Amino acid sequence: INRVHVSEQGKMGTTSIEARDVGVDALGYVVPNMALGGLLHSRLMESDVAVLDQSVVTQVQMTDTCAQLELDVIENKADGDRLQKKNLTAKLFVIADGAESNLARSLGIDYSIKSYHQKAIITNLKTELDNKGVAYERFAKSGPAALLPLKRDVSALVWTLHDDVADEMIAMTDADFATHIETLFGGRLGRIDKVGERDAYSLALTQAKELCRERLLVVGNAAHSLHPVAGQGFNLALRGIVAFIEGLTLCKENEFWAYKNLKPLVDAHRGEQFKIVNFSDQLVELFSPDSHVPALLRSSGLVALNSFKELKTEFARHTMGRAQSLKPLSAG
Ligand SMILES: Cc1cc2nc3c(=O)[nH]c(=O)nc-3n(C[C@H](O)[C@H](O)[C@H](O)COP(=O)(O)OP(=O)(O)OC[C@H]3O[C@@H](n4cnc5c(N)ncnc54)[C@H](O)[C@@H]3O)c2cc1C
């Protein structure tokens with residue numbers, strides 16, 4: 001992404017943030033989750049980490065000396081797949097099973113949940129015009145939408161809508177959906193020639209009320225799942241994990257699983273979590289269809305953002321996840 005163009009449908013104010021304004025080569029990169037997952041998996045298989053994929057943790061029990069896990073493991077055999085039960089014990093159990101984690105809940109960890117009553121529609125669009133590495137963020141009455149450059153003539157759409165409108169858009173024919181998107185983005189990428197498979201995700205801000213206990217750590221979406229408006233969820237998850245690894249590496253074998261060692265790491269991450277959660281939540285509030293902020297104030301905000309270089313740079317640093325200092329990952 002070498003440029004981000006932010007605008008509001010039917011309003012004057014727009015802002016454009018260029019990579020060179022911020023002194024970077026790119027404001028971000030759009031990476032399909034499948035590609036990223038595939039790469040991480042192959043790097044893991046090359047390492048000396050024991051990997052049990054195609055498995056599900058079905059039960060966990062915390063004792064004074066370890067975490068005891070029960071797993072269902074699928075084994076691929078020549079004569080077909082077989083389901084195996086397996087038991088594991090661990091000094092430290094890291095929960096990373098996604099938003100409103102079932103495993104965390106099974107251990108009595110509660111969640112605060114704020115539903116946005118919105119769904120995100122995700123799809124890839126083949127466009128008539130080259131996107132030239134520009135990401136479009138469009139705030140419309142129906143909700144915010146982003147077109148992110150994936151290939152020259154393919155952009156990824158993330159469109160957040162009220163639940164009922166989202167259901168209508170999912171049920172629509174590809175041709176009608178394409179027409180809606182062309183209008184929404186004011187024809188900036190010309191005709192939409194092809195609409196990929198459409199998926200919809202319900203959106204809520206969920207936060208675990210506890211992030212660690214003795215021998216237990218909660219990370220990623222299991223710890224906090226955000227509205228995707230600012231594209232910060234995965235970034236925040238990675239930064240939390242880096243911070244934990246750095247802290248735990250310092251403990252070496254010295255009770256790295258102990259609450260007294262985990263708690264300071266969690267506390268140090270909380271400040272950043274708080275900032276990013278609020279940044280995303282306030283953007284949703286600012287541009288949501290039911291926002292209490294008058295439209296004129298919003299478009300003046302975009303004009304102001306466009307006019308003041310420092311403000312623009314600061315906004316870009318936030319969305320790039322660079323507003324916080326990050327130590328190099330000393331563990332390598
Ligand atoms: C529409 C949308 C767009 C987004 N866009 C962006 C973006 O642009 N940038 C960004 O930074 N973030 C974005 N995010 C957020 C990002 O997707 C999440 O932050 C990220 O997926 C969190 O990763 P995770 O591994 O914690 O959880 P998940 O991705 O939910 O992964 C959890 C994994 O745990 C597995 N699992 C579940 N239960 C068990 C069990 N019992 N045993 C074993 N495994 C289990 C699941 O199969 C899954 O593979 C977006 C999210 C949405 C919904």
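Residues are numbered from 1 along each chain as its sequence is written. In this predicted model, local features need pLDDT of at least 70 and side-chain atom pairs count only at pLDDT 80 or more, whereas totals for chains, interfaces and linings use all residues, and side-chain values use heavy atoms, with hydrogens and water left out.

The shell around the ligand holds 18 residues, of which V57, I122, N221, G231 and F234 come nearest; a residue is taken as near a molecule if one of its heavy atoms lies within 4 Å of it. The elements β3, β7 and α6 each supply at least two residues of this shell, where helices (H or I, at least four residues) and strands (E, at least two) are DSSP runs numbered from the N terminus. For V57, a backbone N or O atom lies 2.9 Å from a nitrogen atom of the ligand.

Helix α5 spans residues 174-184, and its buried residues are F177, A178, I181 and L184; buried denotes under 20% relative accessible area, exposed over 50%, and partly exposed the range in between, with a 1.4 Å probe and protein chains only. Seen down the helix axis, these buried residues fall within an arc of 125°, so they line one face of α5, the arc being that of the directions from the helix axis to the C-beta atoms. The exposed residues A175 and T183 are carried on the face of α5 turned away from its buried side. The cover over the buried residues of α5 includes the strands β7 (111-127), β8 (134-140), β9 (143-151), β10 (154-162) and β11 (192-195), together with the helix α4 (163-171). After α5 comes G186, with a positive phi near 60°.

An open sheet of three strands has the order β6-β14-β13 with mixed pairing, and its edge strands, β6 (93-95) and β13 (212-213), each pair on one side only; two strands are said to pair if DSSP finds at least two bridges between them. Strand β14 (residues 216-218) and β6 pair in the parallel sense over three bridges, and V94 has L217 in β14 as its bridge partner.

The loop between α6 and α7 contains W257, which counts as buried because its relative accessibility is 15%. The C-alpha atom of W257 is separated by 6.4 Å from that of K91, although the two residues are 166 residues apart along the chain. Leaving aside residues up to four places away in sequence, W257 touches K91, L92, R213, E214, R215 and L262, contact being defined as heavy atoms within 4.5 Å.

E255 is also placed in the loop between α6 (233-251) and α7 (259-287), and it has a positive phi of about 50° although it is not a glycine. With a relative accessible area of 32%, E255 is partly exposed. A positive phi, near 50°, is likewise found in Q54, a residue other than glycine, which is located in the loop between α2 (33-46) and β3 (55-62). Q54 counts as partly exposed at 40% relative accessibility.

Note on methods
Polar contact = N/O pair within 3.5 Å; in protein donor to acceptor, adjacent residues only side chain to side chain.
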